[in-house]
Amino acid sequence: MIVPIVFIIICAVGYYFSGLAFDFVMVEMFFRLSRNLLLVASLIIPVITGMGLNFGIVIGAMAGQIGLFIIANFGIGGMTGITVAMLASVPFAVVFGYLVGQVLNRAKGKEMITSMILGFFANGIYQLIFIVMAGKIIPFSNKDLLMDSGVGLKNTIDLVSIRKSFDTWLFGDIVNFPVMPIVFVAIILLLINRFFKTKVGQEMRAVGQDMHIAEVQGIDVDKTRLKAIVISTVLAAWGQIVYLQNLGTLNTFTNHEQVGLFAVAALLIGGASVEKATWKEALIGTFLFHLLFIVSPPAGQKLMGDAQIGEYFRVFVAYGVIGISLMLHAMEKRKKTEDRLRLTIKEK
Amino acid sequence: MDKIKAIYNKIGFPRFIITLLLFLFIGIAFFLDLSLASMFTDILKRFGMNAILVLAMVPTVQSGSGINMNLALGVILGLIGCLVSMELGLAGWTGFGVALAIAIPLAALAGYLYGLMLNRVKGQEMTVGNYFGYSVVSLMCIFWLLAPFKNPQLVWAMGGTGLRTTLTMDDSFGKVLDNFLSFEIMGVTIPTGLLLFFALCALIVYVFSNTKTGLAMRVSGSGEKFAISSGLNVDRYRILGIVISTVLAATAIIVYSQSFGFLQLYMAPLYVSMPAAASILIGGANLRKASIAHVIIGTLLFQGLLTVSLPVINIISEGSMAEIIRIVISNGIILYALTRKEAV
């Protein structure tokens, strides 16, 4: 519980110096929660399954963006567009998740670094497809999406036809808040919570606690781990769609890159660890991390005379918090194995 | 057939595929009538620029803490060495020497402290080191903005504080090694000084790993239990490996920058470990075994491929393809190493 408390203090100090109005921060916060929480939530299932923090959600975000390319190509707008994008992203996310899971199953014990490198690797493939092949091998009927040369997607793609469609769905005329995305993510979090009470969910828990014991109990460990990553990847794809419909523009080659880093940092700031995460940590962490996002540039400006310092501080916090949590986890794990070793020696 | 298979196994998949690609690209380059001389000039130069960075991977692998994903730590201290030397307005060999003299002790100290930390996270060095490196890089971004450097060539013209993102080294010690004894043969420029300096570093690492201490370090890297039963203090040798690696990384960035002609600050050191890791793995190393031969082969192959593929691809496809190839190959090779069974 120490991490969230430290961050509450940092955020409080930052808020005090930023000089921002309370309602401004709260309104901003509401939007940020609505668009980021789903991405953070997509990390929970792999953590429980013992695969650590899935930096591979970057690949899920790519699947979400593919869904958005499809609706932008066919000019489907509004809530229909978002629904189509979500549905269209599912087959991609399932296939990608399956491939990620296969690789991670061959790198047991090193899932986190592997999933991170996988993200970089997939980014190369993504660029190969959408810079070199798009328009040439992969047909796009909407030429506005392509570069003037007719090959490669533009760097930014306008999503004006679905901009805030989900945010304003049903309740748009009544309140100026993204009601439905919040409801949606709440339902997903509830479902994740329920999911762990099902048979598959229980198996995931068992695999997360001890792979070998799970194996002995007759659980197909590799298959369970695959399922966890596939679900995580699909949720990340949807999360990216919710995120981008709020922004209204898609930076084709950069939007997905930081998804893993920021989501993981948010979850850890909420008090989660490499082995334990629930919806509460996701919610608290997203709130605190984005509070830091809002207050640190103005606080840096006021305190140091340079908003850039606040920006760098925020990046430092994201990396630092991940680094420290991974370190603490590794130390704990090491201690556990040493204790076990000592125990076996004693028994002998 | 078995013989071919045995040879293939000895070469290993990464070396095999990259060599194949390299020869393919050289063939196309020859076919397209591109100047091979300027290509070999580039390959030699880029080999000299990057080889020490790759060499920095050897001591950590040998001492048992795997690929050093935190080269950024040494790199940053090397940059500080360069900056101090440039702030003082030093040029030529003096500038280069002072940069090294400042960077090396700092790197040794930082490497020692980092080694203490890594000994507590055995088995997770790569993941922890990677994020530790990222945090150091972003923390140092704040330092670059606030650091008390005053030389107008280093700081932003406006406001007079905060270091620039890229600093030109023309007036300090840029190209000092590259130009030393360099000569031209059949249109290929040989950066003698650059290559000699790498040879010197490689020799030091080689000689050291064959001394009694170096041997003990390699033994403790090959198996912790065996080393303990032989009475070796494993933790101490792991720290030693990390110290040497960090010092080499600091030296490497000074050499790299003087050859490149620019000092790159802020987020530039972030991904420095990845290409170096890919290079040594391409050279035939794995997470448990690495030698100087792996460094030389790997750097030549990887840098060779990058250098040759760029002009070739510019003609037959999009320019950005070269960058894409770099991303796919370097990360693909690291993934390959991570998913191998023998990698522990």
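The model is a predicted one, in which local features need pLDDT of at least 70 and side-chain atom pairs count only at pLDDT 80 or more, while totals for chains, interfaces and linings use all residues. Residues are numbered from 1 along each chain as its sequence is written, and chains are lettered from A and ligands numbered from 1 in the order in which they are written.

The C-alpha atoms of chain A fill a box of roughly 75 × 50 × 40 Å along the principal axes. The chain holds 13 helices and two strands. Helices (H or I, at least four residues) and strands (E, at least two) are DSSP runs, numbered from the N terminus. Of the 348 residues in chain A, 50% are buried. A residue is buried if 20 or more other C-beta atoms lie within 10 Å of its own, exposed if 12 or fewer, and partly exposed in between; C-beta atoms are placed from the backbone. Among contacts in chain A with a separation of 6 or more, 73% join residues 24 or more positions apart. Two residues are in contact if their C-beta atoms, placed from the backbone, lie within 7 Å.

Chain B was examined in the same terms. For its 344 residues, a compact globule would have a radius of gyration near 20 Å, and chain B, with 20 Å, agrees. Its C-alpha trace spans about 65 × 55 × 35 Å along the principal axes. Chain B contains 15 helices and four strands. Buried residues account for 52% of the 344. Of the contacts in chain B with a separation of 6 or more, 75% link residues 24 or more positions apart.

Within chain A, helix H4 (residues 57-74) packs on helix H11 (residues 259-269) at an angle of about 125°, with the axes 8 Å apart. Axes are lines fitted to C-alpha atoms, for helices over the stretch in contact, and angles run from 0 to 180 degrees between N-to-C directions. H4(A) and H11(A) are therefore oblique to each other. Angles under 35 degrees count as roughly parallel, over 145 as roughly antiparallel, 65 to 115 as roughly perpendicular and the rest as oblique. The crossing of H4(A) with H11(A) is right-handed. A crossing is left-handed if the near helix is turned anticlockwise from the far one by less than a right angle, and right-handed if clockwise. H4(A) contributes Ile57(A), Val58(A) and Ala61(A) to the contact, and H11(A) contributes Val259(A), Gly260(A) and Ala263(A). By class, this contact of H4(A) with H11(A) has five nonpolar, one polar and no charged residues. Ala, Val, Leu, Ile, Met, Phe, Trp, Tyr, Cys and Pro count as nonpolar, Asp, Glu, Lys and Arg as charged, and the others, Gly among them, as polar.

Between the chains, 31 residues of chain B are in contact with 34 residues of chain A. On the chain B side, helix H7 (125-146) and H15 are the elements that give two or more residues. H7(B) supplies the largest share, 13 residues. By class, this side of chain B has 17 nonpolar, 11 polar and three charged residues. H15(B) (residues 320-338) packs with helix H6 (residues 111-133) of chain A at about 150°, with axes 9 Å apart. H6(A) and H15(B) are therefore roughly antiparallel. Their contact has 16 nonpolar, seven polar and no charged residues. The crossing of H6(A) and H15(B) is left-handed.

Individual sites in chain B were then considered. Leu146(B) lies in H7(B). Leu146(B) is partly exposed, with 14 other C-beta atoms within 10 Å. Thr161(B) is 15 residues from Leu146(B) in sequence and 7.2 Å away in space, C-alpha to C-alpha. Tyr266(B) is in the loop between strand E4 (262-264) and H13 of chain B. Its phi is near 55°, a positive value in a residue other than glycine. Tyr266(B) is partly exposed, with 18 C-beta neighbours inside 10 Å. Helix H13 (residues 273-282) of chain B is mostly covered, with 10 of its 10 residues buried. Gly284(B), which follows H13(B), has a positive phi near 110°.

In chain A, Leu170(A) lies in the loop between strand E1 (156-158) and helix H7 (179-195). Leu170(A) has a positive phi near 65°, though a residue other than glycine. Leu170(A) is exposed, with 11 other C-beta atoms within 10 Å.

How values were computed
The radius of gyration is taken over C-alpha atoms; the globule rule is 2.2 Å times the number of residues to the power 0.38.
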